[in-house]
Amino acid sequence: MINTLKVTNQSTIVQSQKQLVSDMDGEKVMLSITNGKYYNLGDIGGDIWELLERPILVKELVTTLLSKYEVDHAECEIQVIDFIQDLLKEGLVKFI
């Protein structure tokens, strides 16, 4: 069922539990204890991951990233939603 849920800019998302995260040369890497997979979140993905420590609306997350990076608003929103959708499919984040 988790794969059928759609992330929108009005979704409230938070990290799921049971992940080990570490910084490696400025990029976040993660081990999911639940599924035994490693993930390289990269630089921006790491920023998003940190923002997901507490429940946050996707549109607030996008606004925060726009203040840090020079990127088109629409493109940022599309990329963030796609990234969060991928995290959701892997069980790394959840809806609130």
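**Leucine 61 and the core around it**

In this predicted model, leucine 61 makes contact, beyond its neighbours within four places in sequence, with Ile48, Leu51, Leu52, Ile56, Val80 and Ile84. Leucine 61 also belongs to the largest nonpolar core, a set of 21 residues in which Leu52, Val58, Leu61, Val80, Ile84 and Val93 touch the most other members. At least two residues of this core come from each of strand S4 (38-41), helix H1 (42-51), helix H2 (58-68) and helix H3 (73-89), and the greatest contribution is that of H3, with six residues. As a general background, nonpolar side chains tend to be buried together in soluble globular proteins.

Seen along the whole protein chain, the secondary structure consists of three helices and six strands, which follow one another from the N terminus in the order β-β-β-β-α-β-α-α-β. When contacts between residues at least 6 apart in sequence are considered, 56% of them join residues at least 24 apart.

The overall dimensions can be read against a simple expectation: because a compact globule of 96 residues would have a radius of gyration near 12 Å, the 13 Å of the protein chain agrees with that picture. Along the principal axes, the C-alpha atoms fill a box of roughly 35 × 35 × 20 Å.

Note on methods
Residues numbered from 1 in each chain as written. Predicted model: local features only at pLDDT ≥ 70, side-chain atom pairs only at ≥ 80, totals over all residues. Heavy atoms only, no water. Core = buried A, V, L, I, M, F, W, Y, C linked by side-chain atoms within 4.5 Å. Buried < 20%, exposed > 50% of the residue type's maximum accessible area, 1.4 Å probe, protein only. Helix = DSSP H or I, 4+ residues; strand = E, 2+ residues; numbered from the N terminus. Contact = heavy atoms within 4.5 Å. Rg over C-alpha atoms; globule rule 2.2 N^0.38 Å.
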